[in-house]
Amino acid sequence: MDGTLLGERTPSYTDGVFYADRVLHDPNCKVSEEDKKFAQAYWDAISQRKPVPPEIEKNLYHNLYAGLAGMTPESLDTYAQGFMKKTVIGLTNLTYGEAFYFPMVEVISYLEANDFTCYIVSASDRPLVRALVHDVLPIAPNQIIGSNPQIVASHQGQTNGDSYQMTQEDTIQYGRLDRVNEKMNKVSSIVREIGIQPVLAFGNSSGDYSMFRYTLKDNPYKAEVFNVLCDDTQREYGRPERAERDKKTSAENGWNTISMKNDWKTIYGDNVKKTQ
């Protein structure tokens with residue numbers, strides 16, 4: 001998702017920006033003071049386009065997802081629609097709902113038109129990814145795999161799901177993050193939920209390397225992987241050092257690379273410019 005289909009540098013992971021926005025700006029969000037302080041420290045960094053402190057980055061998934069707890073699927077979708085209308089930090093003429101890479105949207109449209117079945121396999125949380133791609137990409141909700149939050153009934157409390165019976169008065173709510181869908185977890189998710197080895201895989205970071213290797217290993221069909229390099233510093237907040245490292249790793253493993261700088265005529269559209 002982030003860095004492969006949409007902006008990873010806008011100015012941070014989209015789910016991180018989304019949940020920090022909710023923790024800090026939604027009066028209906030009830031979280032601890034500790035969680036608010038964590039979200040504020042994160043927001044202070046990204047709003048000024050400064051590096052996220054390592055101690056914040058390390059705990060990003062678990063702490064920021066406090067903003068997810070207590071939301072229903074419907075309320076999350078409603079909040080996401082509002083968030084998607086907000087202007088991206090650091091880029092002009094672009095909202096979060098528009099921050100998809102044009103060339104990658106074209107790739108998905110091409111594959112779908114030629115009878116491929118496309119899945120999103122992301123470390124971002126599944127409910128938010130479903131909301132973000134709705135009406136943007138031709139990918140059904142059941143073809144989206146991501147980090148999983150706990151899903152509970154509103155009156156369930158601390159009772160395990162194998163003991164609790166849902167009542168007519170219950171609503172479905174999300175809890176804190178249960179499983180981060182990253183690295184080897186992406187492979188296990190594909191095996192468990194799709195049950196078919198992919199023939200194509202696209203990614204942009206070390207979190208995708210296991211998925212790349214699984215796609216190519218003993219595949220009975222012709223298979224390819226593509227590593228998207230965020231190397232454009234003119235139209236995007238590229239990271240040339242990381243791009244060079246990923247390019248080297250790709251060459252060592254026989255993976256294809258996609259250079260945002262050299263291979264793409266546009267990223268978000270020609271009217272989108274960096275503000276810094």
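I looked up Y42 and found that, leaving aside residues up to four places away in sequence, Y42 touches S12, Y13, G16, V17, A20, V52, I56, L60 and L64, where contact means heavy atoms within 4.5 Å. I keep in mind that this is a predicted model, in which local features need pLDDT of at least 70, side-chain atom pairs count only at pLDDT 80 or more, and totals for chains, interfaces and linings use all residues. Residues are numbered from 1 along each chain as its sequence is written, and side-chain values use heavy atoms, with hydrogens and water left out.

I then turned to the largest nonpolar core, which has 61 residues, and noted that M1, Y42 and I120 touch the most other members; such a core is a set of buried Ala, Val, Leu, Ile, Met, Phe, Trp, Tyr and Cys residues joined through side-chain atoms within 4.5 Å, buried meaning under 20% relative accessible area with a 1.4 Å probe, protein chains only. Apart from this core I found another, of 9 residues, among them I145, I190, Y209 and V225.

Next I checked the strands (DSSP E runs of at least two residues) and saw that 3 of them form an open sheet in the order β1-β2-β3, with mixed pairing, where two strands pair if DSSP finds at least two bridges between them. β1 (120–125) and β3 stand at the edges with a single partner strand each, so one side of each is left without a neighbour in the sheet. I noted that β1 and β2 (residues 144–153) pair in the parallel sense over 3 bridges, and that V121 stands opposite I145 in β2.

Last, I looked up V272, which is buried, with a relative accessible area of 7%, and which touches L91, T92, N93 and L94, again not counting residues up to four places away in sequence.

How values were computed:
Buried means under 20% relative accessible area, exposed over 50%, partly exposed in between (1.4 Å probe, protein chains only). Helices (H or I, at least four residues) and strands (E, at least two) are DSSP runs, numbered from the N terminus.
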